[in-house]
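Please read it beside the model.

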Amino acid sequence: MLAKTFGGAVYGVNASLITIEVVVAQGLHFHMVGLPDSAVKESEQRVEASLKFFGYRMPRQKVVVNLAPADIRKEGSAYDLPIALCVLEASEQITTTRNLSDYVIMGELALDGTLRPIKGVLPIAIEARKQGYKGFILPTENAQEAAIVNQLDVIGVKTMQEAVEYFEGKKEIEPLSSDTRDLFMTQINAYEADFSHVQGQENIKRALEIAAAGGHNVIMIGPPGAGKTMLAKRLPSILPPLTLQEALETTKIHSVAGKLGTRANLIATRPYRSPHHTISDAALVGGGSFPQPGEISLAHNGVLFLDELPEFKRSALEVMRQPLEDRKVSISRAKWAVEFPASFMLIASMNPCPCGYYNHPEKECVCGAGVVQKYLAKISGPLLDRIDLHVEVTPVSFDQMTGNRPSEPSDVIRERVIKARDIQTARFADQPGVYSNAMMPSQMVKEICAISDAGRALLKTAMERLGLSARAYDRILKVSRTIADLAASEEIKIEHLAEAIQYRSLDRENWAG
């Protein structure tokens, strides 16, 4: 007898549905076909132990499990539950009142028949609804995540026996529902870190506001303890709120990576990722034998903070260059390729030298001649090319630290950022793939960032006197356009250019001189 149901396989951030067929016929042995990996093949032992635990048996006949389409590799242990249910129906040990083929079923079985949570539930649920399935049977721990998708009966079960009783009609399980939109709206700006907690550092706050308004990448240079990490943590709180579509896309990536946890719901705030400098290339960008999203994809629609940038491996930083331009990661293998989105703001920080006190107002640098230049040379020119703002961070004085002067809260700054982004949305409405000033290609900069003769003279003088490199030219124009947007100015004025010129510290030929 033949039994059939459906499961799912995740490729990149999207899912494909897998047909699971089981036939019990004359003969011996258990056969699994359809390109399963080792974890899928081992399901025979988990399924047999679970069946025996609840008083069922593995048929002592020829059992063939087919996972279709047969040319797509199946990975992981999430096919245990659908295989077990199909074996029971095909061997006529249960009589179902609900059709297995109306449902998508996923779950890893323990040896006592309890279900363990799985990864990638959200994209599978989205695909199940898209293809019109009646419901999704899965472990209780994953049900909240799947309930993000409406118009789909999400049935959470704790054991294999619970699933059996549901299909036999002996037990009714109420589908889990979630008012996703309301929950999303209540948590949309629920950030723990706020700029109102920061004393002093007004110039750095201003630089981060400009970065948020134009989507610019930033590097902060300063001694230890100056507040670089603290300021970076607060950047997501001044970015425009996520749209529902962005939230869904972000949640899908975290679901595929297994980062949502058991009480998962739609991610309502912009992600903030801060990997350690010992991270490998694959962990940063994504990859592996079965590609998983890396840190830059987990930071999609949010902020990626690289603390102590020169300490990162050169190779890890270099592989990040193309994703910074393309805002996506393509990982190719011999037979197939996957693509992960990676549209993030890069915030980096570094000490000015190995000891940390070069250019410090009070402490003396103890690094030898040429050491500072060698330290800065760890960061390649092409990577610095993709960073628009270079900001020098100085320590906060004792008086500022202990002062009671109220600081501007994040929500006030965020309102200014949103207004500047609205101007850019209107400006780039007919430019596909360009949403902020930072995304402008060079030819567009000439049209949109036109400056007066006086502004051109100022920029020429600045480039000559400060020894700014040619690559700084476009960056200064883009940043000055953002500063003008924050001031609601249609044209780029002298003061906007002058402020933008300040944010090119590392381009000055004599900076580490």
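1. Angles under 35 degrees count as roughly parallel, over 145 as roughly antiparallel, 65 to 115 as roughly perpendicular and the rest as oblique. The axes of helix α2 (residues 43-53) and α3 cross at roughly 55 degrees and come within 10 Å; α2 and α3 are therefore oblique to each other. Axes are lines fitted to C-alpha atoms, for helices over the stretch in contact, and angles run from 0 to 180 degrees between N-to-C directions. Helices (H or I, at least four residues) and strands (E, at least two) are DSSP runs, numbered from the N terminus.

2. The model is predicted: local features need pLDDT of at least 70, side-chain atom pairs count only at pLDDT 80 or more, and totals for chains, interfaces and linings use all residues. Residues are numbered from 1 along each chain as its sequence is written, and side-chain values use heavy atoms, with hydrogens and water left out.

3. In α2, Ser43, Arg46, Val47 and Leu51 meet Asp80, Ile83, Ala84, Val87 and Leu88 of α3, where contact means heavy atoms within 4.5 Å. By class, this contact of α2 with α3 has six nonpolar, one polar and two charged residues. Ala, Val, Leu, Ile, Met, Phe, Trp, Tyr, Cys and Pro count as nonpolar, Asp, Glu, Lys and Arg as charged, and the others, Gly among them, as polar.

4. Helix α3 (residues 80-90) also packs with helix α6 (residues 160-168), at an angle of about 50 degrees and with the axes 11 Å apart. The crossing of α3 and α6 is right-handed. Leu81, Ala84, Leu85 and Leu88 of α3 make the contact with Met160, Ala163, Val164 and Phe167 of α6. This contact of α3 with α6 has eight nonpolar residues, no polar and no charged ones.

5. Helix α8 (residues 202-214) and α18 have axes that cross at roughly 35 degrees and come within 8 Å, in a right-handed crossing. Glu209, Ala212, Ala213 and Gly214 of α8 meet Ile413, Arg416, Val417, Ala420, Arg421 and Gln424 of α18. The residues of this contact divide into five nonpolar, two polar and three charged.

6. What is the volume of the largest pocket? The space in the largest pocket is about 1,100 Å³. On a 1 Å grid over the protein atoms alone, a pocket is an open set of points where a 1.4 Å probe fits, with protein on both sides within 12 Å along at least five of seven lines; lining residues have an atom within 4 Å of a point. Grid points are joined across faces, edges and corners, and a volume is the space filled by probe spheres set on the points. Among the 44 lining residues, Arg327, Ser343, Tyr435, Ser436 and Met439 are the closest to the centre of the largest pocket. α18 gives the most to this lining, with five residues. The lining has 16 nonpolar, 13 polar and 15 charged residues.

7. The second largest pocket has a volume of about 520 Å³. Of its 21 lining residues, Ala190, Tyr191, Ile267, Thr269 and Arg270 lie nearest the centre.

8. The peptide bond from alanine 68 to proline 69 is cis, with omega near 0 degrees, and proline 69 is placed in the loop between β4 (62-68) and α3. Leucine 35, a residue other than glycine, has a positive phi near 60 degrees.

Notes:
A crossing is left-handed if the near helix is turned anticlockwise from the far one by less than a right angle, and right-handed if clockwise.
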